[in-house]
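Subject: Structure handover

Hello,

Here is the structure I promised to send over. Please open it alongside this email.

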Amino acid sequence: MDNTVVSTGTEGKTWGGGNKPLKASYGKMMMWFFIVSDALTFSGFLAAYGFSRFKFIDSWPIADEVFTHVPFFHGNYPMIYVAFMTFVLIMSSVTMVLAVDAGHQMKKAKVTFYMFLTIIGGLIFVGSQAWEWGTFIKGDYGAVQTKGGNILQFVDTDGHRVALRDFAVIDEHKERVQDERKSGLWFTSEGTLPTYTVAEVLNGLEANENVLVRTQIINEEGEKTVLSRAESLRQIKDNGMLVVEGANLHVNEYGSPLFADFFFFITGFHGFHVFSGVVINIIIFFNVIIGTYERRKSYEMVEKVGLYWHFVDLVWVFVFTFFYLV
């Protein structure tokens, strides 16, 4: 056997890159390592979302029909508010670039001003996302879940969504009692009672001939399938099991349960990153004000937190594209 050892010319030497490998400080290197590892985590989430959506491609909720709300305005505004949130976050990235550039020039006043704008942008985004979550969880129209787990929504003869509150007939004489643990040996738990029962929805459907049932199955035109009047009544009467209002991790009025699960996990995980970034930005902001980096003669901390901020902005572009637009 040939035991010849190839000489590399580095034998006996320690690390030869100095204390700034790739011309980056230790802090910057660690920030890049963190960003790469976090990017892999988000990639895993988005890949899982893509596979799940592809598997249920014929019944996945249409984002344009889900995210239609705008604060203080009533009406149907598909994706308008999500686009506004995206714009605010991207603009906050621009102000962060300006803050970093001002730091390179050792201009404390400009760094303070642009970091303040970045923090405001982040707070607007986090607040908007909290509002969007609340709206998503609360729901708007309501639906009925079948025994097979499918979601049945309601539309008028023109195809416009109809809310349960607009046609359900409430039985005033029937007392509804929520199950409690003491009610039965095998009982485990029950969520909050929905506003209506399936029977009340059926009564309202029978009394309003212009209301039809829409299934979660998407037809060749890219729209959800609307049933005939007779089939609508039959589906609610024979298969209706539970009235669903809003969304949680088990069921949602928009369609597949996975849709809400991914919405909560992906946007929640990203929202936590933005919230953390705002907190870090505030800390750095006050350090700028008291002159910490002026004394150090370096605004590298602003640059490092800027890397993180650009990362969460970039991730949102992918989340916005894959979850809301595609």
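This is a predicted model: local features need pLDDT of at least 70, side-chain atom pairs count only at pLDDT 80 or more; totals for chains, interfaces and linings use all residues.

**Helices α1 and α7**

Start with α1, residues 26-55, and α7, residues 257-289. Their axes lie 11 Å apart, and the packing angle is about 165°. Angles over 145 degrees count as roughly antiparallel, and α1 and α7 are therefore roughly antiparallel to each other. The crossing of α1 past α7 is left-handed.

Which residues of α1 and α7 meet? From α1 come D38, T41, F42, F45, L46, A48, Y49 and S52. From α7 come L258, F262, I266, F269, H270 and H273. By class, this contact of α1 with α7 has nine nonpolar residues, four polar ones and one charged.

**Helices α4 and α9**

The second pair is α4 with α9, and α9 covers residues 300-325. Here the axes come within 13 Å and cross at roughly 30°. This crossing of α4 and α9 is also left-handed. On the α4 side, the contact uses V111, M115, T118, G122, F125, Q129 and E132. On the α9 side, it uses V302, V305, W309, W316 and Y324. Eight residues of the α4 and α9 contact are nonpolar, three are polar and one is charged.

**Cavities**

How many cavities of 30 Å³ or more does the structure hold? There are three.

The largest cavity has about 110 Å³ of space. It is lined by 13 residues, and those closest to its centre are F67, T68, H69, W131 and E132. Two helices, α3 (80-104) and α4 (108-138), each supply at least two lining residues. The biggest share comes from α4, with four residues. The lining of the largest cavity divides into nine nonpolar, three polar and one charged.

E132 is worth a look in the viewer. It is among the residues closest to the centre of the largest cavity, and it is also part of the α4 contact with α9.

The second largest cavity has about 60 Å³ of space. Its lining is E65, V66, T68, H69, T135, G139, D140, Y141, R161, E253 and Y254. By class, that lining has three nonpolar, four polar and four charged residues.

Best wishes

Terms used:
Residues are numbered from 1 along each chain as its sequence is written. Side-chain values use heavy atoms; hydrogens and water are left out. Axes are lines fitted to C-alpha atoms, for helices over the stretch in contact, and angles run from 0 to 180 degrees between N-to-C directions. Angles under 35 degrees count as roughly parallel, over 145 as roughly antiparallel, 65 to 115 as roughly perpendicular and the rest as oblique. A crossing is left-handed if the near helix is turned anticlockwise from the far one by less than a right angle, and right-handed if clockwise. Contact means heavy atoms within 4.5 Å. Ala, Val, Leu, Ile, Met, Phe, Trp, Tyr, Cys and Pro count as nonpolar, Asp, Glu, Lys and Arg as charged, and the others, Gly among them, as polar. On a 1 Å grid over the protein atoms alone, a cavity is a set of points where a 1.4 Å probe fits but cannot get out, and a pocket is an open set with protein on both sides within 12 Å along at least five of seven lines; lining residues have an atom within 4 Å of a point. Grid points are joined across faces, edges and corners, and a volume is the space filled by probe spheres set on the points.
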